Amino acid sequence: MLKFLLIFVTCLMVLFTVELLNPVQAAVIQPFTAVLAWISASIILPLDDTVISSGRVLRDSASGFAVSIEAGCNGVEASIVLIAGVLAFPATWLQRATAIILGFIAIQLPVSYTHLRAHETREDL
């Protein structure tokens, strides 16, 4: 248990430190968040042709309503906790890689759903 905690906490500190670096934010996190906004807009588009994405913002071009996907709402921090836990858990590297990939997808599904729901108007609810 002590080994798990040491690896887990070390991974958390390293991954969160790296994630907060400006070059990582500019080269990885912001582009990832923009792709997440684009995917959300692509899912909404067949149902509402007024939605557009611009960077990390989803916008309804007809009403002007917009949702910006900010840090903490893109699933990156939750993914870091997942990765740290998986790396600390005793398993084969194949099992760890599988858990990280499936876990990342499982985290992104509700994140995307939340952004889709934010696009709904009061009349849609």
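Buried here means under 20% relative accessible area, exposed means over 50%, and partly exposed is in between (1.4 Å probe, protein chains only). This is a predicted model, where local features need pLDDT of at least 70, side-chain atom pairs count only at pLDDT 80 or more, and totals for chains, interfaces and linings use all residues. Residues are numbered from 1 along each chain as its sequence is written, and side-chain values use heavy atoms, with hydrogens and water left out.

Start by selecting residues 2-20, which make up helix 1. (Helices are DSSP runs of H or I with at least four residues, strands are runs of E with at least two, and both are numbered from the N terminus.) Color F8, C11, L12 and E19: these are buried. They sit on the same side of helix 1, because they cover an arc of only 105 degrees around the axis, taken from the directions from the helix axis to the C-beta atoms.

Last stop: select strand 1 (residues 51-54) and strand 2 (residues 57-60), which run antiparallel and are joined by four bridges. Pairing takes at least two DSSP bridges between the strands. Click S53 and look across to its bridge partner in strand 2, L58. The two strands form a hairpin with two residues between them, and G55 in the turn has a positive phi of about 65 degrees.

Note on methods:
Expected span 1.5 Å × (residues − 1).
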